Amino acid sequence: MNTRTKLTLSLTAVSVVLGLMVSLGYRQTELSARLGSLTGSLAVNKQLTQKLSSLQAANQDAEQQLASVTASLNKYEAQSAGSSDELKQLQTKIQDERILAGTTPVHGPGVVVTLNDAGTTGIDIASGITHDWNVRSVVNELFTAGAEAVTINGVRVIATSAVNCQGPTVTVNGRQLAAPFEVDAIGDPTTLKKALMLSGGILDALRQQGLQVSTPQAKSDIQMPAYTSPLRADAGK
């Protein structure tokens, strides 16, 4: 099998795994939100928790697959250095996939929005805290609108990133973060701002909850690190 064929197959594998990761990430976010607001029976709660655990396990498997395929891509790219224009175009596509996977640093124009806990006046304490599903909902909205990369307080997130509550704080990829939460997204600023500022959209819903939410600001150049969270058996739990 020649280098071009190997690169093509590896790129296809990356695309398939990324699609799976995004799908699993959305389903995980939806279940987490339902668990966070659930007031039903313990049996229903247990069932949703089991489903969430299964999704988290599938996410970890997908992340391991992505790491394996990325290692193969690095090898094949080195072998194809200086090759034909067709291979160079393929390498450009691979770099685009790496950005989506979070495996490389990236910079570019985008938007910034900040979420903060509610004030103490007239707001129930539990309702006034910025929860993990609040942050994930904003992140998912940005990715849906075409964001190429996202960070939370400077921590790069991907589809399988674990974003969980721990008391009044939120952990992202195992790192404990406290409000306010600055969410940065690289992509077309106009498109991303329009998605966030949609009437009745995610930011309006968070404001109705009582949270303090800034007006999204366009930035000409946002710097982001690569996703560096190690693969752990308990990630996302």
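I began with a tally: the protein chain has six helices and nine strands. Helices here are DSSP runs of H or I with at least four residues, strands are runs of E with at least two, and both are numbered from the N terminus. I noted that this is a predicted model, where local features need pLDDT of at least 70, side-chain atom pairs count only at pLDDT 80 or more, and totals for chains, interfaces and linings use all residues. Residues are numbered from 1 along each chain as its sequence is written, and side-chain values use heavy atoms, with hydrogens and water left out.

**Entry: the whole chain**

I looked up burial next: of the 237 residues of the protein chain, 43% count as buried. Buried means under 20% relative accessible area, exposed over 50%, and partly exposed in between, with a 1.4 Å probe and protein chains only. For contacts (heavy atoms within 4.5 Å), I took those between residues at least 6 apart in sequence, and 76% of them join residues at least 24 apart.

**Entry: the sheet**

I then turned to an open sheet of three strands, in the order β4-β5-β6 with antiparallel pairing. Its edge strands are β4 and β6 (175-177), each pairing on one side only. From one strand to the next, the twist averages 35 degrees. Two strands pair if DSSP finds at least two bridges between them; β4 (residues 163-166) and β5 (residues 169-172) have four, in the antiparallel sense. Which residue of β5 does Gln166 stand opposite? I found Thr169 there. The hairpin of β4 and β5 has two residues between the strands, and Gly167 takes a positive phi near 65 degrees in that hairpin.

**Entry: helix α4**

Helix α4 (residues 132-144) lies across β4 and β5, and runs at about 160 degrees to β4. Axes are lines fitted to C-alpha atoms, for helices over the stretch in contact, and angles run from 0 to 180 degrees between N-to-C directions. I checked its length: at 1.5 Å a residue, the 13 residues of α4 should span 18 Å, and the end C-alpha atoms are 18 Å apart, which agrees. The expected span is 1.5 Å times one less than the number of residues. Buried residues of α4 include Trp133, Val135, Val138, Val139 and Leu142.

**Entry: helix α6**

In α6 (residues 202-209), I found Ile202, Leu203 and Leu206 buried. They cover an arc of only 95 degrees around the axis, so they sit on the same side of α6. That arc is taken from the directions from the helix axis to the C-beta atoms. What covers these buried residues includes β1 (106-116), α4, α5 (189-196) and β8 (212-213).

**Entry: the cores**

A nonpolar core is a set of buried Ala, Val, Leu, Ile, Met, Phe, Trp, Tyr and Cys residues joined through side-chain atoms within 4.5 Å. Which members of the largest core, with its 26 residues, touch the most other members? They are Val138, Leu142 and Ile152. α4 gives the most to this core, with four residues. Leaving out residues up to four places away in sequence, Leu142 touches Val111, Ala147, Val150, Val183, Ala185, Leu192 and Leu196. I also noted a second, separate core of seven residues, which includes Ile99, Val106, Ile222 and Met224.
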